Amino acid sequence: MASLKLIQLWNKKSTSFYRSLFRRNLTSATSISDKASFPGYKGEFSTELQFIYPENNSQIQCYRVMNRKGNIIDPSHEPQFDHKTLLNMYTYMNLLAKFDIIMYEAQRQGRISFYMQNHGETAAQIGSAAALDSQDLIYAQYRESGVLMYRGFTIQQFCDQIYGNSNSSCKGKQMPVHYGSKEFNFVTISSPLATQIPQAVGSAYAYKRKQNGLCVITYFGEGAASEGDAHAAMNFASVFDVPLIFFCRNNGYAISTPVKEQYRGDGIAARGPAYGIVTIRVDGNDLFAVYNATRAARQIAIKESRPVLIEAMTYRLGHHSTSDDSTAYRSVDEINLWEKGDNPMNRFRNYLFRKGILNEKIEEELTEEHRKMIMESITKSERTKNMKPTEMFLDVFDRPSQSLLKQQNEFLDHLKQNKEHYPLDTYEKL
């Protein structure tokens with residue numbers, strides 16, 4: 001009966017979704033063929049006792065469009081952006097860079113509790129963001145501020161979230177830089193590494209079922225790729241053929257752990273073919289290479305309904321966070337070498353200067369405009385009161401349970417009896 005229903009389903013012009021599932025479960029294993037034909041392998045037999053040594057295999061190449069000086073290597077790969085779009089991309093890179101500097105200083109002054117910079121990885125963020133559809137769903141890690149900024153999240157919204165005030169998207173319930181926006185299809189960032197990766201697979205599976213012509217992208221670092229979540233997610237995505245882009249920012253360090261202590265083999269990209277995933281490695285400091293790769297990956301993910309892995313090779317120029325001092329595990333000379341020799345912002349800047357799109361005057365005006373905007377937003381965020389303390393009991397469930405309401409009342413009684421010990425004037429009135 002079950003087999004009959006499957007045949008009927010096939011004959012009713014089933015969608016590619018059901019066809020792919022049906023084909024996936026068909027096997028034609030036979031023991032009489034001269035070729036190997038097992039349920040899990042079809043190929044050639046060999047009489048040689050030969051092991052594969054990974055060091056003998058050629059490495060996956062790294063795709064690039066611009067060299068380190070901002071010169072286009074092959075004109076046929078240069079995206080045909082108009083001058084306005086190119087300047088807009090640089091504007092976001094400049095804004096993000098200025099925001100990083102000011103927020104880092106604000107944390108050092110004790111005005112905010114925590115911050116994570118994006119220095120060195122702006123091309124990977126802006127390049128990939130520009131290649132996506134605004135309706136594509138994003139599961140980020142914590143160094144994708146530029147992606148959300150490119151989609152329209154304002155500096156004021158960034159500041160409010162970092163300060164955790166009553167205007168913040170997280171209502172003050174989340175750590176700084178753990179952004180989220182339903183409006184911009186950006187799932188709220190969570191602190192535990194790699195948890196967003198299998199979640200992205202689930203969303204991509206839902207998109208496949210809906211056949212909505214969109215894809216999902218999940219960002220993560222090479223350190224997060226060592227988590228079991230990443231391996232499980234890649235396997236699930238490949239088996240169920242979902243429209244998902246795995247975007248790995250390989251910036252050289254998982255906090256203080258260098259890549260040589262994280263894995264052996266040919267980086268993260270080598271894992272793609274092993275899981276049956278379409279894969280490319282790109283120069284993550286080359287905005288055009290990232291854009292081209294992400295745009296092509298999106299087409300593959302949607303048209304072929306299958307996952308794609310992008311490994312963007314870059315370098316984290318800043319500290320891991322304001323809780324980190326990267327000079328404790330890498331030399332200042334190393335950082336300076338990358339800062340001067342392969343800063344993605346400088347590379348794109350050189351390209352724009354050569355095109356006559358950008359000059360020192362425009363750049364100075366941009367920087368000053370951004371500084372003013374950021375300082376005004378910080379001032380407003382600092383003057384905005386925090387959410388009322390009772391807010392912590394809400395949003396746990398759709399409707400607060402009796403247990404939570406009881407805790408809330410006990411908390412209110414406690415505040416009334418001990419209000420002199422709490423800075424209630426900095427919070428909205430109860």
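## The annotated domain

Helices (H or I, at least four residues) and strands (E, at least two) are DSSP runs, numbered from the N terminus. UniProt, in an unreviewed entry, gives residues 92–389 the feature "domain: Dehydrogenase E1 component". UniProt positions follow the numbering used here, feature names are shortened, and annotations may be inferred rather than shown by experiment.

The model is predicted: local features need pLDDT of at least 70, side-chain atom pairs count only at pLDDT 80 or more, and totals for chains, interfaces and linings use all residues. Residues are numbered from 1 along each chain as its sequence is written, and side-chain values use heavy atoms, with hydrogens and water left out.

## The chain as a whole

The protein chain has 14 helices and 11 strands. Its C-alpha trace spans about 85 × 65 × 40 Å along the principal axes.

Of the 430 residues of the protein chain, 47% count as buried (buried means under 20% relative accessible area, exposed over 50%, partly exposed in between, with a 1.4 Å probe and protein chains only). Among contacts with a separation of 6 or more, 71% join residues 24 or more positions apart; contact means heavy atoms within 4.5 Å.

## Helices H3 and H6

Helix H3 covers residues 83–108 and helix H6 covers residues 155–163; they pack at an angle of about 30°, with their axes 12 Å apart. Axes are lines fitted to C-alpha atoms, for helices over the stretch in contact, and angles run from 0 to 180 degrees between N-to-C directions. That angle makes H3 roughly parallel to H6 (angles under 35 degrees count as roughly parallel, over 145 as roughly antiparallel, 65 to 115 as roughly perpendicular and the rest as oblique).

The crossing of H3 past H6 is right-handed. A crossing is left-handed if the near helix is turned anticlockwise from the far one by less than a right angle, and right-handed if clockwise. From H3, Leu95, Phe99 and Met103 meet Ile155, Phe158, Cys159, Ile162 and Tyr163 of H6. By class, this contact has eight nonpolar, no polar and no charged residues. Ala, Val, Leu, Ile, Met, Phe, Trp, Tyr, Cys and Pro count as nonpolar, Asp, Glu, Lys and Arg as charged, and the others, Gly among them, as polar.

## Helices H6 and H13

H6 also packs with helix H13 (residues 360–383), where the axes come within 9 Å and cross at roughly 40°. The two helices are therefore oblique to each other. H6 passes H13 in a right-handed crossing.

On the H6 side, the residues in contact are Ile155, Gln156, Cys159, Asp160 and Tyr163, and they meet Met373, Ile374, Glu376, Ser377, Ile378, Lys380, Ser381 and Glu382 in H13. The contact of H6 with H13 has six nonpolar, three polar and four charged residues.

## Two residues of strand E10

Ile280 lies in strand E10 (residues 278–283) and is partly exposed, at a relative accessible area of 28%. Not counting residues up to four places away in sequence, Ile280 touches Tyr63, Ala293, Leu309, Ile310 and Glu311. Ile280 and Phe99 are 181 residues apart in sequence and 31 Å apart in space, C-alpha to C-alpha.

Arg281 is also found in strand E10, and is buried, with a relative accessible area of 7%. Beyond neighbours within four places in sequence, Arg281 has contacts that include Ile60, Cys62, Tyr63, Asp266 and Glu311.
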